[in-house]
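Welcome, and thank you for opening the viewer. Let us walk through this model one selection at a time.

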Amino acid sequence: MNVQNPPLPQASERIESAIQPGYMSGFGNGFETEALPGALPIGRNSPQKCSYGLYAEQLSGSPFTAPRTTNERSWLYRIRPTVSHWGQFRKADSGLWRTAPAAEVEVPIAPMRWDPIPIPAESVSFLEGIRTITTAGDAGSQAGMGAHVYLITRSMEDEYFYNADGELLFVP
């Protein structure tokens with residue numbers, strides 16, 4: 001079957017979306033949305049040739065040992081494959097953000113209290129403003145925790161935060 005797809009639209013062109021506004025009801029159900037009409041393959045997940053020259057990638061949210069009926073996953077159809085972005089990132093300085101075990105700090109065997117953290121003189125974004133208060137356990141064994149506070153005196157511009165392998169809860 002030879003299917004001809006229209007070229008991807010230019011940024012200046014108006015795109016008519018195939019997404020119908022409304023509520024997608026249900027918990028644990030499967031949903032489909034597409035930005036361009038005909039972008040999703042019908043009745044299959046990973047076709048040999050995707051519409052619009054897109055790449056099919058599966059994002060798995062379950063361990064590979066989970067039964068097929070309980071697998072959580074998303075199929076993504078992207079302009080460029082994820083691996084084409086690798087090598088374009090650099091490790092960021094963690095500043096005052098620590099992970100357990102924080103061996104560089106000796107914890108006294110006594111009750112502790114902390115004074116309020118002073119607002120820094122320099123401007124700090126969310127990433128620069130994280131301050132670890134305490135850690136416990138060991139992140140390498142996936143057992144433990146860290147408690148942090150954060151200070152923000154400027155907006156994040158040309159930077160973002162992405163956490164691919166941790167559980168975080170921020171309470172403003």
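Start by selecting Glu57, which counts as buried at 18% relative accessibility. Here, buried means under 20% relative accessible area, exposed means over 50%, and partly exposed is what lies in between, with a 1.4 Å probe and protein chains only.

Before going further, please note that this is a predicted model, in which local features need pLDDT of at least 70 and side-chain atom pairs count only at pLDDT 80 or more, while totals for chains, interfaces and linings use all residues. Residues are numbered from 1 along each chain as its sequence is written, and side-chain values use heavy atoms, with hydrogens and water left out.

**Stop 1: around Glu57**

Keep Glu57 selected and colour by secondary structure: Glu57 sits in strand β1. Strands (E, at least two residues) and helices (H or I, at least four) are DSSP runs, numbered from the N terminus. Which residues is Glu57 in contact with, leaving aside its neighbours within four places in sequence? Show Ser74, Trp75, Leu76, Arg78, Pro81 and Thr82 to see them; contact means heavy atoms within 4.5 Å.

Now focus on Arg78. The side chains of Glu57 and Arg78 form a salt bridge, at 3.6 Å from N to O. The term stands for a side-chain nitrogen of Lys or Arg within 4 Å of a carboxyl oxygen of Asp or Glu. This pair links distant parts of the chain, with Glu57 in strand β1 (residues 55-60) and Arg78 in strand β2, 21 residues apart. Arg78 is partly exposed, with a relative accessible area of 27%.

**Stop 2**

Check its backbone: Tyr52 has a positive phi of about 60 degrees although it is not a glycine. Tyr52 is buried, with a relative accessible area of 14%.

**Stop 3: the other salt bridge**

The count of salt bridges comes to two. For the other stop of this kind, select Glu128 and Arg154, whose side chains meet at 3.0 Å, N to O. Glu128 lies in the loop between β2 and β3 and Arg154 in the segment after β4, so the pair ties together parts that are 26 residues apart in sequence. Glu128 is partly exposed at 38% relative accessible area, and Arg154 is partly exposed at 29%.

**Stop 4: the aromatic pair**

Next, show the rings of Phe126 and Tyr150. The structure holds one aromatic pair. How do the two rings of Phe126 and Tyr150 meet, and at what angle are their planes? Their centres are 5.6 Å apart and their planes are at 70 degrees, so the pair is edge-to-face. Rings of Phe, Tyr and Trp (its six-membered ring) pair if their centres lie within 6.5 Å; planes under 30 degrees apart count as stacked, over 60 as edge-to-face and the rest as tilted.

Trace the chain between the two: Phe126 is in the loop between β2 (73-78) and β3 (130-138), Tyr150 is in strand β4 (residues 143-150), and they are 24 residues apart. Phe126 is buried, with a relative accessible area of 13%, whereas Tyr150 is partly exposed at 29%.

**Stop 5: Ile119**

Stay in the loop between β2 and β3 and pick Ile119. At 67% relative accessibility, Ile119 counts as exposed. Draw a C-alpha to C-alpha distance from Ile119 to Gly129: they are 10 residues apart in sequence and 9.5 Å apart in space.

**Stop 6: the largest pocket**

- By class, the lining has 21 nonpolar, 10 polar and 10 charged residues.
- The largest share of the lining, eight residues, comes from β4.On a 1 Å grid over the protein atoms alone, a pocket is an open set of points where a 1.4 Å probe fits, with protein on both sides within 12 Å along at least five of seven lines, and lining residues have an atom within 4 Å of a point. Ala, Val, Leu, Ile, Met, Phe, Trp, Tyr, Cys and Pro count as nonpolar, Asp, Glu, Lys and Arg as charged, and the others, Gly among them, as polar.

**Last stop: the whole chain**

Zoom out. The protein chain has zero helices and four strands, and buried residues make up 15% of its 172 residues.
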